[in-house]
Amino acid sequence: MSKVDLFAAIRRDSRAGMSVRALARQYRVSRRTVRSALQSAWPQPRKPLPPRPSKLDEFKPIIDGILRADLDAPRKQRHTVKRIYDRLIAEHDMIDVSYAVVRAYVADRKPKIRAEAGRGPIDVFFPQTHRPGAEAEVDFGEVAVNLRGELVTCLLFALRLSFSGKTVHRIFISGGQEAFLEGHVHAFTTLGGVPTGKIRYDNLRAAVAQVLGFARQRVETARWTAFRSHFGIDAFYCQPGLRGAHEKGGVEGQIGWFRRNHLVPVPVVDSLDQLNAMVDAWDAADDARRIGTRAHTVGELFAIERPLLVALPDESFETGTWLGPRVDRYSQVTVRTNRYSVPVRLVGRQVRVHLHASHLVIYDGRIEVARHERLMAKSGSRLDLNRYLEGLLRKPGALPGSTALEQARAAGKFTPVHDAWWAAVRKTHGDAAGTRALIEVLLLHRHMPHEHIVAGLAAALRAGALTADAVALQARKFAEADDQPTDTDQPARLTGNVVSLTQRRLAQLPADTRPLPTVTAYDQLLRICRRTAEGTRP
């Protein structure tokens with residue numbers, strides 16, 4: 001029986017006429033307890049025991065004085081617990097007091113003394129009300145993705161409207177300035193406008209070049225300043241470190257929610273474009289959810305907010321970065337510590353590189369000469385075997401151990417069929433001539449689909465045709481077979497050693513249902529002319 005139940009029973013029996021002595025005897029309690037139950041139905045709380053004396057009691061005022069003196073001391077010359085403990089022993093003859101006891105007391109008193117002096121942090125949070133279309137928050141978060149069979153870490157960009165909770169996400173290879181700007185452009189385009197008020201940011205390097213003291217003033221990067229001016233963004237920078245995380249807690253929590261609900265288990269994709277298409281579909285589906293205890297869904301609140309956004313500018317903003325590296329002797333350009341291949345004819349020349357968040361495009365003047373997906377790690381290389389073929393024709397011995405060949409094998413572009421045909425042709429014609437024949441086959445990839453070349457290699461290998469011309473002939477046969485129509489009502493393919501190109505094209509055209517031409521109308525003109533001639537005869 002609990003004490004509350006005991007008091008209730010005593011009060012019930014007392015109302016029935018039992019005396020205090022009888023109640024004490026029946027419930028085996030003291031008469032003082034019975035009287036307490038009759039006075040109040042709720043038991044009085046137990047009185048706390050007085051604090052036990054400690055050997056540290058006589059030194060507590062000394063420790064408090066040291067902590068108060070530290071409030072005005074230089075930050076790097078304040079007392080540690082070890083220094084306080086040593087001073088108590090050396091200067092105040094403290095004995096039989098352990099270091100742990102002193103440490104526990106300092107940990108308890110130090111924040112209280114700072115608060116008493118008006119210097120302690122006050123962790124108080126105030127509810128905020130956001131006006132429609134006025135405020136937003138931006139942040140990056142790390143996500144793991146299985147990209148082409150390899151587990152990689154990417155960056156998730158998120159822009160969240162504070163009123164409705166509508167969030168636009170985008171996944172990038174890196175969190176550099178290109179990704180930062182491209183994420184904004186994608187978010188503003190999806191939302192259909194720009195918030196009228198402040199957008200809250202971390203002090204990320206893509207936007208902030210320098211934090212000035214403990215104030216809100218920042219030295220911004222030049223491109224970010226131009227971007228803000230173009231879209232009319234009013235930036236608000238949070239306090240550095242963990243102290244400012246709560247100032248944009250909405251997007252901080254949104255990134256975690258999105259990662260747990262849409263990226264678990266780890267998505268398996270072949271490209272970031274495929275993954276971002278999935279992200280766009282998830283964002284559209286999230287409009288039907290409710291945040292917390294809100295009465296309306298995200299989509300319903302965004303319908304109120306969307307007309308209040310500032311319209312997008314008519315002109316677009318170039319988010320990519322233009323660079324001007326020089327091609328080295330390995331036919332590579334170095335971009336952000338990584339190396340990318342270009343055609344060998346550009347060795348020693350300066351090219352233009354348009355760097356985007358997930359890819360880069362290389363130009364020779366105004367002509368695009370190469371396009372690569374950006375590397376995630378540093379000091380890596382992405383070499384396209386196709387860029388080196390002209391040079392390898394002159395130096396065929398460099399192909400077997402080349403890095404470009406190994407990367408082509410890893411990417412699946414250089415198949416085991418290539419290796420088997422290469423081994424057979426080298427055995428027949430020698431290493432140099434066989435490798436040149438393989439390079440001529442690889443040059444066919446520039447004009448014919450990959451699957452046709454592989455099929456041609458397999459057919460030539462079965463037939464023992466170990467020349468590039470034979471592979472080209474077989475690949476063209478497979479290409480012509482794919483070009484033929486599959487409908488049964490179409491004319492059959494003409495047989496014979498020579499196929500007319502015109503007939504092959506006409507066979508693919510639909511049936512002509514127009515009527516045949518006639519000259520009946522012109523016969524009437526002949527009759528009129530004959531009558532006129534007879535009337536004028538003398």
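I'm working on a predicted model here.

**Entry 1: the sheet**

I started with strand E13, residues 359–364, and its partner E14. They pair in the antiparallel sense, over six bridges. Which residue stands opposite Ile362? I looked across into E14 and found Ala370 there.

Then I widened the view. E13 and E14 belong to an open sheet of four strands, and the order runs E9-E12-E13-E14 with antiparallel pairing. I checked the edges next: strand E9 (321–323) and strand E14 (367–373) each pair on one side only. On average, neighbouring strands in this sheet are turned by 20 degrees against each other, direction ignored.

**Entry 2: H4 against H5**

I moved on to two helices, H4 (residues 60–70) and H5 (residues 81–92). Their axes come within 11 Å and cross at roughly 125 degrees. The hand of the H4 and H5 crossing is right-handed.

Which residues make the contact? From H4 I listed Ile62, Ile63, Ile66 and Leu67, and from H5 they meet Ile84, Arg87, Leu88 and His92. I sorted the residues of this contact by type and got six nonpolar, one polar and one charged.

**Entry 3: Arg109**

I looked up Arg109 in helix H6, residues 99–116. Buried or exposed? Arg109 has a relative accessible area of 15%, so it goes down as buried, the cut-off being under 20%. I skipped its neighbours within four places in sequence and noted who else touches Arg109: Asp64, Leu67, Arg68 and Glu116. Leu67 had already come up in the H4 side of the helix contact.

Val264 and Pro265 are joined by a cis peptide bond, with omega at about 0 degrees. Pro265 sits in the loop between helix H9 (249–262) and strand E8 (268–269).

Next came positive phi values. Arg28 is not a glycine, yet its phi is positive at about 60 degrees. I placed Arg28 in the loop between helix H2 (20–27) and helix H3 (31–39). Its relative accessibility is 79%, so I count Arg28 as exposed.

Ser379 is another non-glycine residue with a positive phi, near 60 degrees. I found Ser379 in the loop between E14 and strand E15 (381–382). Ser379 is exposed too, because its 55% relative accessibility is over the 50% cut-off.

Technical notes
Residues numbered from 1 in each chain as written. Predicted model: local features only at pLDDT ≥ 70, side-chain atom pairs only at ≥ 80, totals over all residues. Heavy atoms only, no water. Pairing = 2+ DSSP bridges. Axes fitted to C-alpha atoms, helices over the stretch in contact; angles between N-to-C directions. Left-handed = near helix turned anticlockwise from the far one by under 90°. Contact = heavy atoms within 4.5 Å. Nonpolar A, V, L, I, M, F, W, Y, C, P; charged D, E, K, R; others polar. Buried < 20%, exposed > 50% of the residue type's maximum accessible area, 1.4 Å probe, protein only.
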